[in-house]
Amino acid sequence: MQFQRRHRKLGTNPQSELYLQPLQFYGEPPLENISLAEFETFAVERLKLLKTVENLGVSYVKHSSQYKLKMDNELRLLHFPYRPDTKRRKDHISHFILRLAYCQTEDLRRWFIQQEVDLFRYRFTDLPPQQKLEFLHKNNLKYNTLSDKEKNELSDKLLMSSYSVSGVTVEKLEFYKVPFQDALDLVRSRKVYLKAGFAFVPQQDIVTIVLNDFRTRLSKALALTARSLPAVHSDERLHPLLNHLSHAYLGQDYSIQKNVGKISLEQIDSLSGKSFPLCMRQLHQALRENHHLRHGGRMQYGLFLKGIGISLEQALQFWRSEFIRGKVDADKFDKAYAYGIRHMYGKEGKRADYTPYSCMKVILSNPPSQGDHHGCPFRHSDPELLKQKLQFYKVSPSSITQIMELVKGMHFQLACQKYFEVTHNVEDSSFSLSHPNQYFIESQKALGGGKDPKRDVDVPQKVQETSQHLAETAEDLEALFKDG
């Protein structure tokens, strides 16, 4: 099956010249036909790249030597090096695919812009001076560098006005002559020398101007893309795929139960305090206190329990014993709730094998309303209530401050990972958290001295909830679980 973004009858590839450039502003969309399989593959690989950029940007000081080294290694592992022609084609097409997926809400746009800007900065900074100048000129940023004679004449003023420049480096650095209105951030912070309406910007600061331009262009482009979404959504092949991409999970498959029954129901209370992520811990606590969870909570928590190894028989016993302690008698439970639990395990209806929710699905879909306990505490809880909860769980004040800073920056998964580190006394966890069941397994490994006592065999990595699963998303399950 072919997907046509746009078609022009030209004798040569109209973007061959574009792919010869080491960097671009993504001003021109792809013009070629690609298959849906390639469409999805490119999108998933781009998403992995941006997730890596986000994680490294919080874990390391941005643009430090350690950050650059780690970024180089990660890009190599992701098979996303920025080399001529072929890789640039994938880079170009994948960027525009994710534009379609991430233009849909303000939160998605903000996240996408930030990661793309960080990636662009890393790539631009890595360019040699001559290629930087060529890039500026090709993108109508016609800033010329000062000649050696001009630098000598202005060396004292450049030295006094540019805080990052020493007398030794003035001669070695390139300075760009920029109209002052294009460098207002640098002018405002008094980092550049001004003369005759021009700012003289050292090479390490020209990236600030370029990034502002790139951010502005990308923001406007996303707004325009959002206006065209109705036409895109009319294509039944693309609509579910694009919705899936905005909260896609790219890690291990936790729907395949390899170790069913290795956890007893009596262990759940203890495990909830030691090895459950905060979202599942609060669901378990709410269930124990209220003897009931609304449908959103039952879906999120029930699939998590399925993923850690709770069998269907155990699940029925667990939910029945808790619900009948409240306002639901055994007969009502069997009539109103048991079918939904069996459906969750693929034993009823169309017998779909529903997968436990990933972090992105928990964060981005079905936000909790009053009386609900599902969702991500780092995303959906009031900041003060979240702080109180962390204090109640004996998290130190300094760690709470670090977690809340991550929450403020909208790095919700990284905040959860920091919660993992402080509750397991780990300085730097060796994994990138993307799934509540991953949290549980890593917790069991940490508590077991590096061994995983709950799973015998690792399940191969695969992209979750791909297009073959799109028809069996949570809509059916929600309808089954809704309270009557």
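Modeller: Cys359 lies in helix H19, which covers residues 359-364, and in this predicted model Cys359 counts as buried because its relative accessibility is 11%. Leaving aside residues up to four places away in sequence, Cys359 touches Gln413, Ser434, His435 and Pro436. Cys416, for its part, is placed in helix H23 (residues 412-423), and with a relative accessible area of 9% Cys416 is buried as well. The contacts of Cys416, again not counting residues up to four places away in sequence, are Pro277, Phe378, Leu433 and Tyr439.

As to whether sulfur atoms are bonded here, the count comes to zero disulfides when a pair must have its sulfur atoms within 2.5 Å. Cys359 is in no disulfide, and the nearest cysteine sulfur to its own, that of Cys416, is 6.0 Å away.

The aromatic residues can be taken next. A search of the whole structure finds 28 aromatic pairs. In one of them, the rings of Phe25 and Phe120 have centres 5.5 Å apart and planes at 15°, so this pair is stacked. The pair links distant parts of the chain, 95 residues apart, since Phe25 is in the loop between helix H1 (16-20) and strand S2 (33-35), while Phe120 is in helix H5 (residues 106-125). Phe25 counts as buried at 5% relative accessibility, and Phe120, with a relative accessible area of 3%, is buried too.

Another pair has the other kind of geometry: the centres of the Phe276 and Phe304 rings are 5.0 Å apart and their planes stand at 85°, so the pair is edge-to-face. Phe276 lies in the loop between helix H13 (268-274) and helix H14 (278-290), and Phe304 lies in helix H15 (residues 295-308), so the pair ties together parts that are 28 residues apart in sequence. Phe276 and Phe304 are both buried. They also belong to a cluster, in which ring pairs link Phe276, Tyr301, Phe304, Phe318, Trp319, Phe323, Phe333, Tyr337 and Phe440.

Two members of that cluster, Tyr301 and Phe318, are touched by His284, whose contacts beyond four places in sequence also include Ile268, Asp269 and Ser272. His284 lies in helix H14, and His284 is buried because its relative accessible area is 4%, with under 20% as the limit for that word.

The charged end of Arg281 sits over the ring of Tyr393, 3.5 Å from the ring centre. Likewise, the charged end of Lys177 sits over the ring of Phe198, at 4.8 Å from the centre of that ring.

Methods. Residues are numbered from 1 along each chain as its sequence is written. This is a predicted model: local features need pLDDT of at least 70, side-chain atom pairs count only at pLDDT 80 or more; totals for chains, interfaces and linings use all residues. Side-chain values use heavy atoms; hydrogens and water are left out. Helices (H or I, at least four residues) and strands (E, at least two) are DSSP runs, numbered from the N terminus. Buried means under 20% relative accessible area, exposed over 50%, partly exposed in between (1.4 Å probe, protein chains only). Contact means heavy atoms within 4.5 Å. Rings of Phe, Tyr and Trp (its six-membered ring) pair if their centres lie within 6.5 Å; planes under 30 degrees apart count as stacked, over 60 as edge-to-face and the rest as tilted. A charge sits over a ring if NZ of Lys or CZ of Arg is within 6 Å of the ring centre and within 35 degrees of the ring normal.
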